[in-house]
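Open the model in your viewer and keep the selection tool ready. The tour below goes from one selection to the next.

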Amino acid sequence: MKKSRILLFSILTIAALVSVSCGDDDTTETLPYLTGSPKFEFPAFSRPDIVLDITASGVTDDDGNEAEYFWYPSYATSEKDTIKTYTLRMPNDFTTFSITCTAFKEGYYSTSTTKTVTIVSEDRENGSLTGRDFDIEKDFVFTDSRDGREYWCTRVGDTEWFRDNLAYAGSGISVYDDCSDLAGIFGMYYSWNEAMEACPEGWRLASLDDWANAAKVAGVEDADKLASFDSVAGAFMGDIQFNKEAMWEYWPNVKITNKLRLDVTPCGYVLLDTEGDNNKFQGMLEYASFWTSDSKDNDLAYYRYFYEDKADIMLGSGSKESFGASVRCVRDVK
């Protein structure tokens, strides 16, 4: 199961951190400890083949003299490099790897810091997302004139829908600002007020009625726009992989068919910090949430959401200012 693999990876990562944090000394001599631990800037996500210069600092001996440092990326086959600033080329492979920086000085125990990075790309042909297909008889490409980004689109009933989450960066936030490819993969996350203005000219934010009409196409005869749509989530969900791992965890009661070709994936949601930058992303690989254009009252608006082990498409409401969700743009067939 996906959660088990994620948990195992987390445990292994923690174990690696613990295992390199102590000196590798076979003698019984007790040595003093260096002050501090290695500090260096390292992205959590990166595109392939990016070259980074990484500089270590933060560790001194008892006299305030800086320690020396050596580096070791987990994919390396050569010996460790001893240098303060390390030049690293990201591998051309969609994987997660770690780099360890160890501070050392003669007569002291060494101390280490390990950080991980996941290699990603939004390239449709050879990128992180696999399991999608484009049918020239059912789908078409729309280019947003504001930034040149292309979106796959399809027709559902009498409405044309984006198959991708909106990724317009003129508003909203990305899951990780330092890697623009993530916006192309997961889309941006918008407050309701932003979402109402985010779609390109000629398109609009999908409404409760739009979602209800799509549910009818999926097989719900009397789709109530203010209720859950029973047993049709799989018709909207895409069996899509991110870096070779299924995004939706398998649950026997959820039959993913992607009948409507909308490629819904579990990109989660965000609790927006309206007074700072302490935004909290939640529900990644569990939830998909989409604003509707319908307001519930002065403070709340409706959104549609999917959950990994539920076959229904559910209805929720969130703060117009402090809840962030994905956006699907639609337009009426001419």
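Select V51 to begin: this residue is partly exposed, with a relative accessible area of 44%. Buried means under 20% relative accessible area, exposed means over 50%, and partly exposed is in between, using a 1.4 Å probe and protein chains only. This is a predicted model, in which local features need pLDDT of at least 70, side-chain atom pairs count only at pLDDT 80 or more, and totals for chains, interfaces and linings use all residues. Residues are numbered from 1 along each chain as its sequence is written, and side-chain values use heavy atoms, with hydrogens and water left out.

V51 belongs to strand β2, residues 51-55. Strands (E, at least two residues) and helices (H or I, at least four) are DSSP runs, numbered from the N terminus. Now show the contacts of V51, where contact means heavy atoms within 4.5 Å. Not counting residues up to four places away in sequence, V51 touches T87, L88 and R89.

Move on to strand β10, residues 150-156. How many of its 7 residues are buried? The count is 5, so the strand is mostly covered.

Which strands pair with β10? Two strands pair if DSSP finds at least two bridges between them. Strand β9 (residues 139-143) pairs with β10 in the antiparallel sense over 5 bridges, and strand β11 (residues 159-162) runs antiparallel to β10, joined by 4 bridges. Select T154 in β10: D139 is its bridge partner, and W161 in β11 stands opposite T154.

Now look at the turns. The hairpin of β9 and β10 has 6 residues between the strands, and G148 in that turn has a positive phi of about 80 degrees. The hairpin of β10 and β11 has 2 residues between the strands, with G157 in the turn at a positive phi of about 65 degrees.

Select the open sheet of 5 strands next, ordered β1-β7-β6-β3-β4 with mixed pairing. At its edges stand β1 (45-46) and β4 (81-82); each has a single partner strand, so one side of each is left without a neighbour in the sheet. Within the sheet, β6 (residues 96-104) and β7 (residues 111-119) pair antiparallel over 8 bridges, and T96 has T118 in β7 as its bridge partner.

Finish at the open sheet of 3 strands, β16-β15-β20, where the pairing is antiparallel.
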